[in-house]
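User: Hi, could you help me look at the aromatic rings in a protein model?
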Amino acid sequence: DYFISYPTTSLLFFVPIANIMLLSKNTFPLYTRESPTKLFSKNIFSSSFDKYKIVPSFKNEKRSMKNITCLSSYFSSPNDQHFSLKAFTNAPSIIMDDEKEIISQKANNGIGIVEFFEGKNILVTGGTGFLAKALIEKMLRTTPKINKIYILIRAKDKGAAFNRLKSEIIESKLFKCLEEMHGEYYKPFILNKLIPVVGNIYEPNLGMDIITSQQIAQQIDLIIDSAANTTFDERYDLALDANVNGPYQLMMFAKKCKNLKLLMHYSTAYANGEREGLILEKPFSMGESITKEKITSISPFTNFPSLHVDNEMDLVSKLKNNITNNIGLEQIMKNVGVERAKLYGWQDTYTFTKAIGEMMINSMRHEIPILILRPSVITSSYKEPFPGWIQGYRVIDPSIFLYGKGELPALYCDQDTHVDVIPVDLVVNATMAAIAKHGYLQSPQLNIYHLATTFVNPVAIHQIFDYCYEYFTLFPFVNSKGDKIEVKEMKYFDKLSNFSNYIWEVLSKQHKVQDLSEKELLKIQMRFERKVEFLNNFSKLYEPYGFYRGRFHTGNMGILMEEMSEEERKNFEIDASNINWKDYLTGIHISGVRKHVLEGKRLPI
């Protein structure tokens, strides 16, 4: 097994660094924007980068589909009639140099999205999650001639897997449009299409029994990998297992699938780590790192250790063997994850391990056609199947709702930093269009797409909270006493100490402390300290995103839109340049989170 038999000499360099990190907090602080480039001596080292070229449009034969809408949740927009390609005019697509098949046909023929999915058998991992669930709904609603969708579900047995399918998918509010379309035949239809499969992506054969795995391997045409651990500061061992071992096991299984036309893997645009400026749609190769890129761009002869998955897994294994205290191990694993990420040029454990997962897929793909989609921050649905649907808090939501509750009067960030957000239905539409395009080609290549908005329709942090201020002024939360919670305009600080001092100041004004006993004063002070500590830790966690200096190039998404027919652009909308962020946040997203996430629940604190 790849993850058990590691080279015994692979950590001669890495173990001392890990030990230094664990013993000295000052070597690599957990949260810092400092670069580690000064730690390494000069030596001859060459770094090779993939070559890219501009590729003309691909067009396929003409196909069409009916525009299926949800009658009970019809949503119209003045922007529906036109899809502007203006933002992409000067944005060439950047793809791998070995792209071979370019088919030139008439500009309005389209990709043939609906026809591609007809009769296909698909294996989906992470199927009960936010994004995959939205994708499954869209496939069933717009391509009803799809054959089977096998959903890998962690469960103790088939009965438990079916119960999860029923409660988390079939009975989900997300599927009400599909239920409306099919009426009394909804359940027979969906039960015929969706097949729950007991499994675990972390295990060989994806945790399936031998007979099931063989049957599915013979039948499936596509693999859609949406399984991931998205916690920013997750334990390093758990993040590696989910985001690296998972893709490894999936690739091992994919090699057994003789009819496989494409494997699609969801990564994240922030897997680009601490890259700055315009970030191209470039694949990762094993051994690369962001820090190495930065160092070699400044000093080509400076030596920096290569990033290899076996070294990271070996490090985790040795730490586990040497630390017997489970309570201590928990925090050490969290610290090591962040420290390793910072060392190699990533913001946090999540983005670091997602990048390594991409490297793993690239190193194992051989002749398997691979499509990696990198969405930015995914938010509630813009239009489909109805506006505002969301499952759980997404990245921007804790800040928004802490602010609305009056618990977050300030932010530690650069207020002009762009926040790259994209509604889930645009991600789903781009997914289906890209799968169809590359599924038709079946070229044994790796293609990368950024599914992001900053390049075509940027929005800054201060704009988002200006909109939030307007919203919560009109629609305030009510506290336990029945009083409306008043919010003030957000304050911004680029130094954590100034942020903390301001929080203390606000708390002091909110709570009268005169005429209190010493015991009561001590109690209030302890409560203040806990709040400030919470908000400091919260701010540190989001610090890399509050000061982010990158913009994700979306050239491949632009070319994809050009290749779509007018009908496909309408039914699979991916043009983010038309989104009015104020209208979306105040009219759709915040109310969507309140309805689908907060309803009947306490606010986060």
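What follows is a short chat about aromatic pairs and about charges over rings.
User: How many aromatic pairs does the structure hold?
Analyst: This is a predicted model, and the structure in it holds 30 aromatic pairs.
User: Take tyrosine 236 and phenylalanine 352: how far apart are the ring centres, and how do the planes lie?
Analyst: The centres of the two rings, tyrosine 236 and phenylalanine 352, are 6.1 Å apart and their planes are at 15 degrees, so this pair is stacked.
User: Which helices do tyrosine 236 and phenylalanine 352 lie in?
Analyst: Tyrosine 236 is in helix α8 (residues 236–254), whereas phenylalanine 352 is in helix α12 (residues 349–364), so the pair ties together parts that are 116 residues apart in sequence.
User: And are tyrosine 236 and phenylalanine 352 buried or exposed?
Analyst: Both tyrosine 236 and phenylalanine 352 are buried.
User: Okay, what about phenylalanine 538 and tyrosine 542?
Analyst: Their ring centres are 4.8 Å apart with the planes at 40 degrees, so phenylalanine 538 and tyrosine 542 make a tilted pair. Both of these residues lie in helix α17 (residues 518–546), where they are four residues apart, about one turn of the helix, and phenylalanine 538 and tyrosine 542 are both buried.
User: Which residues form one aromatic cluster with Phe538 and Tyr542?
Analyst: That cluster also includes Phe232, Tyr270, Tyr350, Phe534, Tyr545, Tyr548 and Phe552.
User: New topic: where does the charged end of lysine 120 sit?
Analyst: The charged end of lysine 120 sits over the ring of phenylalanine 116, at 4.5 Å from the centre of that ring.
User: And which ring does lysine 138 lie over?
Analyst: Lysine 138 lies over the face of phenylalanine 572, and the distance to the ring centre is 4.7 Å.

How values were computed: Residues are numbered from 1 along each chain as its sequence is written. This is a predicted model: local features need pLDDT of at least 70, side-chain atom pairs count only at pLDDT 80 or more; totals for chains, interfaces and linings use all residues. Side-chain values use heavy atoms; hydrogens and water are left out. Rings of Phe, Tyr and Trp (its six-membered ring) pair if their centres lie within 6.5 Å; planes under 30 degrees apart count as stacked, over 60 as edge-to-face and the rest as tilted. Helices (H or I, at least four residues) and strands (E, at least two) are DSSP runs, numbered from the N terminus. Buried means under 20% relative accessible area, exposed over 50%, partly exposed in between (1.4 Å probe, protein chains only). A charge sits over a ring if NZ of Lys or CZ of Arg is within 6 Å of the ring centre and within 35 degrees of the ring normal.
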